[in-house]
Amino acid sequence: MSPAAQTLAALALVAVAATWLVRRALAKKKHPGCGGDCGCPAPKFPSALRRR
Amino acid sequence: MALPSHISSSAANPSSARTPVYALVGNPNCGKSTLFNALTGLKQKVGNYPGVTVEKKVGTAYSQHGQPITVIDLPGAYSLAARSPDEAVTRDVLLGRRADTAQPDRILCIIDATNLERNLYLVHQILDLGRPVLLVVNMMDLAAAAGTTVDVARLEQELGIPVIACEAVNGRGLIELKLAMSRADLPLARHAWAIPAAIAPAVTELQASLIAHDRKAPLVARAEALLLLTDQDSVRVAGSTPLHARTGEILRTWQQRWEGEGTDWAGTLVNSRYDAIGRIAAEVLLQTGETGPTASDQIDAVVTHPVWGWLVLGAVMTLLFLSIFTLAEYPMNVIDAQIAHLADGVKSAMPPGDLRDLLTSGAIAGVGGVIIFLPQILILFFFIGLLESTGYMARAAFIMDRLMARVGLNGKSFIPLLSSYACAIPGIMATRTIEDQKDRLVTILVAPLMSCSARLPVYLLMMAALVPGDRVPLLTKVGIMILMYALGTVGAFGFAWLFKRTLLKGAPPLMIMELPPYRLPRVKDVALHMLERGWLFLRRAGTIILGISIVLWFLSAYPKAPDGTTDQQQLAQSFAGRAGHLLEPAIRPLGFDWQIGIGLITSFAAREVFVSTMAVVFNAEAKDDDTTPLRQAMLAAQWPDGRALFTPLVCFTLMIFYVFAMQCISTIAVVRRETNGWKWPLFQTAYMTGTAWILSFIVYQGGTALGF
C-alpha cells in the first residue's frame with residue numbers, strides 16, 4: 001500500500017472513530033448514565049427519584 | 001406436594017390469554033436475587049449483604065409446562081411503609097400506583113427461615129392486598145443449622161396460602177415452586193387480622209375514599225389505608241400517581257384528632273400486627289437443637305471486634321493487593337508479549353505510512369496499554385466477589401460504621417461507598433437505600449472519591465515508574481497501593497464530615513444493619529461476577545478506548561511537521577500538543593508537563609484512558625525484546641532542560657491527583673440524573689478537581705523542597 005493510500009485509509013478510520021464517539025456522546029444526552037459500560041443495573045424507570 | 005384448596009379468585013388470577021406476572025418481594029438479603037436468577041436463568045448481581053437490588057428487574061421464567069411467566073424482582077423491603085426510595089418502588093408497584101408498571105397478577109413472597117418473625121411483617125402486609133400470594137421459605141438449611149425449623153404445613157394452614165420450603169442457593173424446592181407458580185388458580189389468603197378498634201373507623205373512611213376517588217379495588221384500598229396511617233413520611237418516586245385531595249384531607253383530619261387525644265395510631269397498628277405475627281411464629285417455629293452462639297456469632301466476636309476487626313480488615317486488604325501484584329505478573333507478561341508480537345506482525349506486514357503508524361502507535365499501543373491490566377482487574381473482582389458472597393462485606397460495614405458515625409455519615413452509606421471501589425456509578429445508584437435525602441446527597445458527593453477499578457491501571461503504571469524493577473520490596477508496593485485506597489476513603493470521610501456541618505446539616509441517623517450469616521462462597525456466582533467485570537473492561541478497551549486512541553493518534557500526528565523534525569517536535573506542534581501546552585501553565589506547579597496534560601484531558605472520558613494516552617503520546621511501540629516498553633519510554637521522557645519528567649515524586653503526585661480528581665464523565669451524568677439537575681454534579685466536579693490540584697501542589701512542592 002502506497003503512503004498516500006495509507007494516509008487516506010488512516011484518515012477514514014479516524015473519521016469513523018470520531019463520528020462514533022460523537023454519536024455516542026450525543027446519544028447519552030437522551031439517556032444519561034453509564035450506557036451499560038460500568039456493569040451497574042440498568043434502570044427500568046426513566047424518571048429520576050424525588051420526593052413528592 | 002399437597003397444596004391447600006382454599007377459595008380462589010378467578011378475577012385476581014391471570015388470564016390464560018396472556019403471560020402471568022409475578023412480583024418477587026421480600027426483606028433485603030433474604031435471597032430474592034438468587035431465586036430470581038434461578039427462576040429466570042438471568043445473572044443479576046447477588047451479594048450476601050442487604051441493598052444489592054435497588055431497582056426492579058424483569059425476567060421470564062417457564063412453568064413446568066413450558067408456559068412463560070414474567071417475574072419482576074423488586075428491591076428488598078422490611079415493610080410496605082417505605083422509608084427509602086428503593087422501598088417506595090416496591091410499595092408502589094405492589095399497590096398499582098405506578099403509571100408505568102401494571103399491578104402484578106400474583107405475588108411471590110420470599111422469607112428467610114432464620115429470621116421468620118421479622119420477615120413475616122412484610123408478608124402480613126402483603127396478604128392485606130388481597131392478591132394471590134405464594135410464600136417461599138428460603139434458607140431452611142441455615143435455620144436447621146441454627147437449631148430451628150419451620151413447620152411449613154402449619155404455616156400454610158395459618159396463612160391460607162401455598163408455602164414452599166426452598167434453598168434457592170442450591171436449587172432445592174425450585175420444582176415445587178414452579179409447579180405452584182404454574183397453577184391456574186391460586187387461593188386467596190384466609191388470613192384475617194383484626195384492626196384495633198380505635199383505628200378501624202379511620203381505615204373504613206379512608207378505604208371508602210380510595211375506592212371512590214382513587215379507583216382502588218376494595219382490598220387494595222384497605223391495605224393502602226393502613227399504609228397511609230403508618231407511612232408518616234411517605235416517600236414517593238416519580239411515576240407514582242398522587243392521592244386524591246379528599247383522601248389526603250380525611251387522613252389529615254384523623255391525624256389531627258388522634259394528636260389531640262394523644263393516640264399513637266401508627267404504634268398501635270404496628271404492635272397489633274406484630275402480636276398477630278408473634279402468634280403465628282409461636283405455632284410454626286420448632287426448636288430442633290441447642291440454641292447458643294452460632295458459628296457466625298463466634299466468627300463475629302473476632303471479625304467485628306473493635307481492635308481485632310481492624311486488624312482482620314487490614315490483613316484482608318494486604319492479601320488482596322499482594323495477590324494483585326504477585327498472581328497477575330505471569331499473565332500480564334504473556335499479554336504484553338502477545339501485544340508486542342501483534343505490533344511486530346503489523347510492522348513487518350506493512351510498509352511505513354500513516355495507516356501502519358495508526359495501527360501500531362495508536363490502536364495497538366493504546367488498547368494494549370490498558371488490556372495488559374486485565375489479570376489485575378480480574379483478581380480484584382474475584383476478591384470482591386468472595387468477600388460479598390461470604391458475608392464479610394457486611395462485617396466490614398459494621399466496623400466502618402463506628403468511624404462513619406463520627407463523621408456524620410449514615411451507616412447505610414457504607415454499601416454505596418463500598419460499591420464505588422468497583423465503580424462509582426452503581427455506588428451512586430445504591431444510595432437509593434438511604435432514607436434521608438441529605439445523607440443520600442452527601443454519599444453521592446463523596447462516593448467518587450473511593451478508588452474505582454478504572455484508577456487501578458493508572459496507579460499500576462505510576463507504580464511501575466515510581467518503583468522500577470525489583471529494587472523495592474513487594475510489601476512497599478502493597479503499602480503504597482493501600483495508601484492510595486486509604487487516601488480516597490479518608491478523603492470521602494473528611495468531605496462527608498465537612499458537608500454534614502456546612503452545606504447539608506443534619507443529625508446522623510441510627511444505623512440498623514443486618515449481619516447475614518456467613519456462607520461458603522458460591523464459586524459460580526463469584527466467577528460469573530469476575531468474568532462479567534472482565535468482559536466489561538475488555539469491552540471498554542475495544543470500544544471507547546480504541547476510538548479515543550485512534551482519534552488521539554490523529555491529534556498527535558497532525559498537522560504534519562516539515563520533514564526532518566524529531567518525533568518530539570512533531571508531537572509538540574500537533575493538535576494534542578497544542579492543547580497540552582495550553583493546559584501546561586495550570587499543571588506545571590504540580591510537576592506535570594504538556595504531555596501529561598494531554599493525558600489529563602483525554603482521561604476525562606474514562607480514567608484508564610490516561611494509560612492509553614501515555615502509550616500514544618510517548619510513541620511506546622511494543623518491542624518483543626522488552627516486556628515493559630511504556631514504562632521505559634516514560635522513564636526516558638525529559639523536560640526541555642534535560643531533567644527527567646517522570647521522577648518518583650511526579651509519579652506519586654499523579655497518583656494523588658487521580659485519587660481526588662473527578663475524571664469521569666459517566667459519573668457526572670449519573671449524578672445529574674440522581675439529583676435532578678446540574679447544580680450538584682458541577683459542584684462535585686469543582687470540589688474534587690480543586691482538591692486534587694491543591695493536594696498535588698502541596699505534595700509536589702513539599703517534596704521538591706524536601707529534596708525528593
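Biologist: What makes helix α26 (residues 609-617) of chain B largely enclosed by the rest of the structure?

Modeller: A residue is buried if 20 or more other C-beta atoms lie within 10 Å of its own, exposed if 12 or fewer, and partly exposed in between, with C-beta atoms placed from the backbone. In helix α26 of chain B, 9 of the 9 residues are buried, so the helix is largely enclosed. Among them are B:V609, B:M614 and B:V617. This is a predicted model, in which local features need pLDDT of at least 70, side-chain atom pairs count only at pLDDT 80 or more, and totals for chains, interfaces and linings use all residues. Residues are numbered from 1 along each chain as its sequence is written, while chains are lettered from A and ligands numbered from 1 in the order in which they are written.

Biologist: What counts as a helix here, and how many does chain B have?

Modeller: Helices (H or I, at least four residues) and strands (E, at least two) are DSSP runs, numbered from the N terminus. Chain B comes to 30 helices and 8 strands.

Biologist: Why is B:M139 called buried?

Modeller: B:M139 has 27 other C-beta atoms within 10 Å, and the cut-off is 20 or more, so B:M139 is buried. The residue lies in the loop between β5 (133-138) and α4 (140-145) of chain B.

Biologist: What makes a set of residues a nonpolar core, and how many residues has the largest?

Modeller: The set must consist of buried Ala, Val, Leu, Ile, Met, Phe, Trp, Tyr and Cys residues joined through C-beta atoms within 7 Å. The largest has 132 residues, and B:M614 and B:A496 are among those with the most contacts inside it. Helix α22 (residues 523-557) of chain B gives the most to this core, with 15 residues. Another core, of 81 residues, lies apart from it and includes B:L24 and B:I195.

Biologist: Which residues is B:A496 in contact with, leaving aside its neighbours within four places in sequence?

Modeller: Contact requires that the C-beta atoms of two residues, placed from the backbone, lie within 7 Å. For B:A496, the partners are B:V407, B:G408, B:L409, B:V442 and B:V446.

Biologist: What is the mean pLDDT of chain A?

Modeller: pLDDT is the predictor's confidence in each residue, from 0 to 100. The mean for chain A is 65, and 50% of its residues reach 70 or more. Over residues 29-52 of chain A the pLDDT is below 50. Where pLDDT is low, the predicted coordinates should not be read in detail.
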